[in-house]
Amino acid sequence: MAAPCGRSSRWLWAAVVPAAVLCLAVRAVEEASTAEFDVRPGGEVHSFSRSLGDYTCTFTYSAQGGTNEQWQMNIGVSEDNLLFSCSVWRPQGKSYLFFTQFKSEVKGAKIEYAMAYSQAAVGAQRDIPLKQEEFEIAETTVSHREGKFRFELSKLVIVAKTPHDEL
């Protein structure tokens with residue numbers, strides 16, 4: 001499920017949904033893991049991946065300009081094992097790298113919600129979402145949209161539904 005595309009409703013969704021999802025995830029996280037990694041410029045394709053139980057999140061990108069930036073990936077599974085979350089972001093807020101491509105993939109779950117941001121909230125700064133046409137959401141991936149993506153990325157949030165047996 002992607003956020004709605006209307007101009008005023010997009011900002012509402014961009015603010016309310018991540019906050020609600022984060023509250024639910026924080027309230028009922030059974031397991032979580034945070035790892036730091038360097039986003040490296042140079043135009044080569046790089047990947048960073050983390051797993052938790054049966055679920056994996058992989059962030060793949062190519063960037064230009066500047067020097068290495070320290071980023072973080074946080075993954076978690078809800079207490080009831082129904083949700084898997086993956087967040088990738090630059091803790092300092094806005095990235096100064098020029099991203100030529102990005103893709104984040106989850107394995108073991110299907111995406112219910114995803115949002116990409118050109119700026120991550122830190123201090124007095126707020127999250128600034130990418131325009132909906134800049135990225136695309138599929139069943140298990142979120143990626144840049146060729147020809148529409150404006151090369152700015154500072155944060156990516158995915159909440160995926162895990163398979164479970166109904167009684």
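**Salt bridges across the chain**

Lys94 and Glu152 form a salt bridge, with their closest N and O atoms 2.7 Å apart (a salt bridge being a side-chain nitrogen of Lys or Arg within 4 Å of a carboxyl oxygen of Asp or Glu). Lys94 sits in the loop between β5 and β6 (98–107) and Glu152 in the loop between β10 (141–144) and β11, so the pair ties together parts that are 58 residues apart in sequence. The model is predicted, with local features needing pLDDT of at least 70 and side-chain atom pairs counting only at pLDDT 80 or more, while totals for chains, interfaces and linings use all residues. Residues are numbered from 1 along each chain as its sequence is written, and side-chain values use heavy atoms, leaving out hydrogens and water.

Lys94 is partly exposed, at a relative accessible area of 22%, and Glu152 is partly exposed at 35% (buried means under 20% relative accessible area, exposed over 50%, partly exposed in between, with a 1.4 Å probe and protein chains only).

The whole structure holds six salt bridges. Another of these joins Lys155 and Asp127 at 2.9 Å, N to O. This pair links distant parts of the chain, with Lys155 in strand β11 and Asp127 in the loop between β7 and β8 (128–129), 28 residues apart. Lys155 counts as buried at 17% relative accessibility, whereas Asp127 is partly exposed at 22%.

Of its 167 residues, 44% count as buried.

Definitions and conventions. Helix = DSSP H or I, 4+ residues; strand = E, 2+ residues; numbered from the N terminus.
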